[in-house]
Amino acid sequence: MARGCLRGCPRCGGDVFAEHDPFVGVLMSCLQCGHVLTDAEERALHAAARAASASAA
Ligand SMILES: [Zn+2]
């Protein structure tokens, strides 16, 4: 299952997808600019996704 977040990139607003790296595990990186999200950026993204689904429900 592909995990991703459309327009989740804090740098360019591009689409962020989970990528498996043999050394560090799962990375969230942007398809458009290649920016790899930091832990803090990842957490902010998850929090925003939760808030969005909560308000939609
Ligand atoms: Zn980007």
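**View 1. Strands β2 and β3 lie side by side and run antiparallel.** One of the pairings to look for is valine 16, whose bridge partner in β3 is cysteine 30. Strands here are DSSP runs of E with at least two residues, helices are runs of H or I with at least four, and both are numbered from the N terminus. What you're looking at is a predicted model, where local features need pLDDT of at least 70, side-chain atom pairs count only at pLDDT 80 or more, and totals for chains, interfaces and linings use all residues. Residues are numbered from 1 along each chain as its sequence is written.

**View 2. The whole sheet is open and has 3 strands.** Their order is β1-β2-β3, with antiparallel pairing. At the edges sit β1 (4–5) and β3 (25–30), each pairing on one side only. Two strands count as paired if DSSP finds at least two bridges between them. As for pLDDT (the predictor's confidence in each residue, from 0 to 100), the mean is lowest in β1, at 78, and highest in β3, at 91.

**View 3. Five residues form the largest nonpolar core.** They are Cys9, Val16, Met28, Cys30 and Leu37. Such a core is a set of buried Ala, Val, Leu, Ile, Met, Phe, Trp, Tyr and Cys residues joined through C-beta atoms within 7 Å. Buried means 20 or more other C-beta atoms within 10 Å of the residue's own, exposed means 12 or fewer, and partly exposed is in between, with C-beta atoms placed from the backbone. Of the chain's 57 residues, 11% count as buried.

**View 4. Here are the contacts of cysteine 30.** Leaving aside neighbours within four places in sequence, cysteine 30 is in contact with Cys9, Arg11, Cys12, Gly14, Asp15, Val16 and His35. A contact needs the two C-beta atoms, placed from the backbone, to lie within 7 Å.

**View 5. Arginine 7 sits in the loop between β1 and β2.** Its phi is positive, about 55°, although arginine 7 is not a glycine. Arginine 7 is exposed, with 11 other C-beta atoms within 10 Å.

**View 6. Helix α1 is hardly covered.** Spanning residues 39–56, α1 has 18 residues, and the count of buried ones among them is 0. From first C-alpha to last, α1 reaches 26 Å, close to the 26 Å expected at 1.5 Å a residue; the expected span is 1.5 Å times one less than the number of residues.
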